[in-house]
2 protein chains.
Amino acid sequence: MASEHIVKSYDQELKHLQRLIARMGGLAEQQLAQAIEAVEERDSALAARIIAADRQVDDLEAEVDAHVVNLLARRQPMAVDLREIVAALKIGTFLERIADYAKNVAKRTIELAQAPAVQPAYSVPRLGRYALGMLKDVLDAYNGKDAEKAREVWSRDGELDDLYNSLFRELLTYMMEDPRSIGVCTHLLFIAKNLERIGDHATNVAENVHFQVTGRTIGGERPRGAGAEAAKA
Amino acid sequence: MASEHIVKSYDQELKHLQRLIARMGGLAEQQLAQAIEAVEERDSALAARIIAADRQVDDLEAEVDAHVVNLLARRQPMAVDLREIVAALKIGTFLERIADYAKNVAKRTIELAQAPAVQPAYSVPRLGRYALGMLKDVLDAYNGKDAEKAREVWSRDGELDDLYNSLFRELLTYMMEDPRSIGVCTHLLFIAKNLERIGDHATNVAENVHFQVTGRTIGGERPRGAGAEAAKA
């Protein structure tokens, strides 16, 4: 009975899928939190560790894919189970992207740490923490199968866009005033863009959690920030 | 017999899925080709049409998702069919992203068209056409279930990175020499980044086509350009 090769029940297999996604989410969250810290502390050693750890998330995504294919092939999931499995497959893709963006932030942090600090760098962690908050909460929504919480995270994307647009303008102004800062500010521009994209993907996860739980998409257009479209894309 | 409500065969349902993906791919390709043209011709009216047409791709993605869930629920696909269905779900996600990046290029084109042209703008279409070539070929690989062609597209991502890195440096130099161009060049930086990302997603599609056809992942690390990592992310 203590054999590890005991045949798992369908229910255990579904739980295993949930745990894989939760573990991916936890890793993505940790990578993002550390990437923000690396930017803030100009810590290249931490950034290098983040880059090295990205592979774990990729491996977990492959494990999610394989487990999903296996589940679909051996069971005949219906209705809510099927929605859960399909949602897990998509959520895995988004979490992998989020971790990838965190890795990209870490890569640029190494470049930044070699140059003098500029003022707008201090606004980046705030944007990062806002995106991190969205990620934390959407993972809670996933773990708790909480459609209302998913919708609440979804509605925050517009505020993140506003923060991003304001930082974008700050960086542009800074570059114009001090052209020697163009190289550094360009890295910060892309770091900011990566953080804004992380919020987009947290929003994608929220849409999938909502669909998984309710069978319905979140109604209406995705919220937009009040800022100009110019800084978007 | 001529009834439209005749029950479709499993084979017809799989073909329908392939057609949905082919249609999404065709639309994404058209959106990208037009976005490159809009940049090249500084054509805001064309850019506005691209932005408006993005919704069609989103709708197709929702149709793919619904069809996949339906297929999985009603049939019990095994082995190669199951791989095909799961691959279609993921490929749909990547094609939606590609069309979204094309839309983002179009949005920035509208901003660009209001400002004086700068020299590096002429290098952008070349990068765009390289990404477009990857997209065209990976869609051919999908339609022809051609794993070798998928691997060939996959191997081109490093070259695209090199083109991107060279454009990135050109833009940085240009901004430093003429700080009045910073606003315009920043839009071009993000356009270039969007095009580079489109190549990444064409590479993701290639990986899924290869897996669908052979059941194996493409071996080895994803090819990297010879250029510095600095410009990446």
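1. Ile198(A) is found in helix H7 of chain A, which spans residues 182-214, and in this predicted model its relative accessibility is 0%, so that Ile198(A) counts as buried, the cut-off being under 20%. Leaving aside residues up to four places away in sequence, Ile198(A) touches Leu32(A), Ile98(A), Tyr101(A), Ala102(A) and Ala131(A). Ile198(A) and Asp100(A) are 98 residues apart in sequence, yet their C-alpha atoms are 9.4 Å apart in space.

2. Helix H3 of chain A, residues 79-113, has 35 residues and reaches 51 Å from its first C-alpha to its last, which is close to the 51 Å expected at 1.5 Å a residue.

3. In chain B, helix H4 (residues 124-143) and helix H7 (residues 182-214) pack at an angle of about 15 degrees, and their axes are 9 Å apart. Because angles under 35 degrees count as roughly parallel, H4(B) is described as roughly parallel to H7(B), and H4(B) passes H7(B) in a left-handed crossing. On the H4(B) side the contact is made by Val124(B), Leu127(B), Gly128(B), Ala131(B), Met134(B), Leu135(B), Val138(B), Ala141(B) and Tyr142(B). On the H7(B) side the residues making the contact include Leu188(B), Ile191(B), Ala192(B), Leu195(B), Ile198(B), Gly199(B) and Ala202(B).

4. Two loop residues of chain B deserve a look at their backbone angles. Most residues other than glycine have a negative phi. Arg42(B), although not a glycine, has a positive phi of about 50 degrees, and Arg42(B) lies in the loop between helix H1 (10-41) and helix H2 (44-74) of chain B. With a relative accessibility of 34%, Arg42(B) counts as partly exposed.

5. Lys145(B) likewise is not a glycine and has a positive phi of about 50 degrees; its place is in the loop between H4 and helix H5 (147-154) of chain B. At 40% relative accessibility, Lys145(B) counts as partly exposed.

6. How is chain B related to chain A by rotation and shift? A rotation of 180 degrees, with 0.0 Å of shift along its axis, superposes chain B on chain A with an RMSD of 0.0 Å, and that is the relation of a two-fold axis. The same surface serves both copies, since 100% of the contact residues of chain B recur in chain A.

Technical notes: Residues numbered from 1 in each chain as written. Chains lettered and ligands numbered in written order. Predicted model: local features only at pLDDT ≥ 70, side-chain atom pairs only at ≥ 80, totals over all residues. Heavy atoms only, no water. Least-squares fit on C-alpha atoms with pLDDT ≥ 70 in both. Contact = heavy atoms within 4.5 Å. Helix = DSSP H or I, 4+ residues; strand = E, 2+ residues; numbered from the N terminus. Expected span 1.5 Å × (residues − 1). Axes fitted to C-alpha atoms, helices over the stretch in contact; angles between N-to-C directions. Parallel < 35°, antiparallel > 145°, perpendicular 65-115°, else oblique. Left-handed = near helix turned anticlockwise from the far one by under 90°. Buried < 20%, exposed > 50% of the residue type's maximum accessible area, 1.4 Å probe, protein only.
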